[in-house]
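Please consider the structure below.

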Amino acid sequence: MEHSKLYKLTEQASKKLYESVNDIESLNQWKIQMINLIDEIAQLKLSTSIEINKINNTSLDPTDWLSSRHIAHQMLDSSIEFIQTVRSHPVWQPIPIEVRKSIEQESLPEQGQALSKVCHDALTYIFPYIRGNIHPRFWGWVMGEGTLGGILAEMMVATMNINAGGCTHSAVLVERTVIQWMRQLFDFPKDNNGGIVVNGTSMASIICMATARRQFLINIRQDGIVNGPQLIVYASKEVHICIGKALEVLGFGLKAMHSISVDDNFSIKIDELKKTIENDRKNGLIPFCIIGNAGTVNTGAFDNLIELSTIARKENMWFHVDGAFGGLVILDPERRHLVQGIEQADSLAFDFHKWFHCPYAAGCVLIRNGTHLLSTFSVHQSYLADNERGCAGDKPWFCDLGLELSRPFRALKVWFTLKEHGIIKLGQKISDNCQQAQYLASLLEKYKDFIRILRPITLNIVNFRLEPKELDILNNELIDIFNNELLADIQLSGIAVASTTRIYNQLYIRVCIVSHRCILEDFDIFVDNLLKFSHIRLQNLKQSINSVDQE
Ligand SMILES: Cc1ncc(COP(=O)(O)O)c(C=O)c1O
């Protein structure tokens with residue numbers, strides 16, 4: 001009570017500070033009112049400090065709540081200011097040596113510092129040197145931007161500091177609701193235990209593969225995989241590395257992955273898949289799982305999920321879909337057809353931190369049949385017993401549906417984002433990004449005598465490479481270096497960030513658009529600068545060749 005009074009008074013005082021005074025008389029009035037306010041504040045401050053010091057002088061809570069509150073408000077303001085003005089910042093900037101030193105060479109703090117000093121250090125040394133994916137011209141890798149609602153959700157999560165591993169509390173209900181919403185979105189059958197929010201698609205893939213494995217090797221939890229049958233997983237050559245990692249950590253090894261070629265659309269070749277499965281069976285191997293790609297990382301390609309699910313059913317195999325970002329085209333009426341068949345998946349992994357724009361990190365596991373998650377992960381220990389009455393209810397707990405026992409309340413930012421923006425708007429942003437990719441391609445197309453665009457552009461990714469006639473275009477290595485250096489020039493300029501990838505053994509500049517903030521003009525700026533930096537680079541090259549010739 002005293003605190004909120006105190007807070008109101010300080011608010012009044014800070015408003016008063018900015019009041020305009022036009023003459024000496026009003027200035028004197030202002031002074032008196034200000035002094036009265038300060039007196040009142042001082043009295044309250046004294047009583048609250050005494051009260052607080054009596055109750056609690058040993059905890060990690062602030063001793064001066066009022067000034068801490070002010071600092072917290074300032075930090076929130078700085079955060080909001082940061083995203084509101086993000087367009088005027090460099091997308092990315094190198095970390096100066098002094099900043100690097102101040103972070104890396106700081107010794108282990110023995111004594112605490114004032115909260116304001118810690119906040120100052122965070123704002124000075126950390127805030128400005130971020131990866132940049134909140135900026136509208138960040139198109140590197142596949143990264144979401146976050147939202148203001150996401151910031152608030154994360155603040156609340158830290159305040160509640162819930163361990164969402166289990167028990168009866170609001171976080172469990174929110175996570176179940178989010179999972180139900182996702183099952184509804186992807187047309188999965190209703191199932192209370194059929195999913196979990198994890199930290200991303202890589203972790204989701206491990207959980208999905210472990211669940212699949214448990215259905216094939218019923219005693220795996222007891223016996224382990226040693227001397228078990230050789231289970232084989234099939235995926236296109238364009239599959240994300242996280243599937244390989246999952247197979248490694250689950251003890252299958254990479255040799256369990258049989259890679260299938262892709263066609264001109266970068267989609268898995270169905271005939272080759274069927275033939276490989278057939279041959280493997282003949283050779284005593286056990287075809288166990290087919291991975292379908294809903295949006296490959298390199299080009300945003302889609303496998304034919306309907307065909308893959310049919311083969312998986314016929315062959316008695318598990319059907320897993322990696323829909324890390326592309327799965328969410330289900331929200332875009334124009335592109336929804338690309339994920340037809342996803343509803344047939346036995347497991348689906350996708351991210352909330354990519355095209356859903358939830359703050360890092362949040363991804364999702366959906367398992368068609370929820371009992372499979374429980375049979376793979378649930379444990380019975382006396383110290384984790386549930387109880388119908390009291391706090392330890394609401395079984396099954398999320399710790400029984402995945403790997404983490406202690407787990408953050410990740411679902412809140414998803415719940416927040418969905419409630420604040422709704423799936424129609426989120427879908428519209430996905431559609432915008434796909435149209436922006438076509439717009440960028442149309443800009444690059446004007447320079448087709450020296451810019452080669454990789455087609456098709458199915459989704460939000462444009463891969464291209466510059467092949468200037470000044471360079472020997474048959475010299476792949478030289479062209480690769482030129483493009484790589486050109487991209488670094490642009491990144492260092494702070495104007496845009498894209499990344500690179502290798503396709504058909506050539507390096508491509510890869511623009512992957514996942515920004516809800518970017519507009520068409522951003523691509524004009526990008527292309528103008530691409531041409532400018534390319535020109536400078538070629539001029540410098542010519543000059544250095546000339547000077548070598550003259551020597
Ligand atoms: C297609 C695809 N699958 C899986 C992943 C891994 O997702 P995460 O980084 O959330 O672990 C990515 C990441 O970009 C991806 O693009």
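The questions below set values against definitions. The structure is a predicted model, in which local features need pLDDT of at least 70, side-chain atom pairs count only at pLDDT 80 or more, and totals for chains, interfaces and linings use all residues. Residues are numbered from 1 along each chain as its sequence is written.

Q: Why are α8 and α13 called roughly perpendicular?
A: Helix α8 (residues 201-216) and helix α13 (residues 370-377) pack at an angle of about 85°. Angles of 65 to 115 degrees count as roughly perpendicular, and α8 and α13 therefore receive that description. Their axes, lines fitted to C-alpha atoms over the stretch in contact, are 9 Å apart.

Q: Which residues make the contact of α8 and α13?
A: A210, T211, R214 and Q215 of α8 meet H372, L373, S375 and T376 of α13; contact requires C-beta atoms, placed from the backbone, within 7 Å.

Q: What makes β2 and β8 a pair?
A: Two strands pair if DSSP finds at least two bridges between them. β2 and β8 (residues 363-367) share four bridges in the antiparallel sense. In β8, V365 is the bridge partner of I196.

Q: Why do β2 and β4 stand at the edges?
A: The open sheet of seven strands runs β2-β8-β7-β6-β5-β3-β4, with mixed pairing. β2 (195-198) and β4 (257-260) each have a single partner strand, so one side of each lacks a neighbour in the sheet.

Conventions: Helices (H or I, at least four residues) and strands (E, at least two) are DSSP runs, numbered from the N terminus. Axes are lines fitted to C-alpha atoms, for helices over the stretch in contact, and angles run from 0 to 180 degrees between N-to-C directions. Angles under 35 degrees count as roughly parallel, over 145 as roughly antiparallel, 65 to 115 as roughly perpendicular and the rest as oblique. Two residues are in contact if their C-beta atoms, placed from the backbone, lie within 7 Å.
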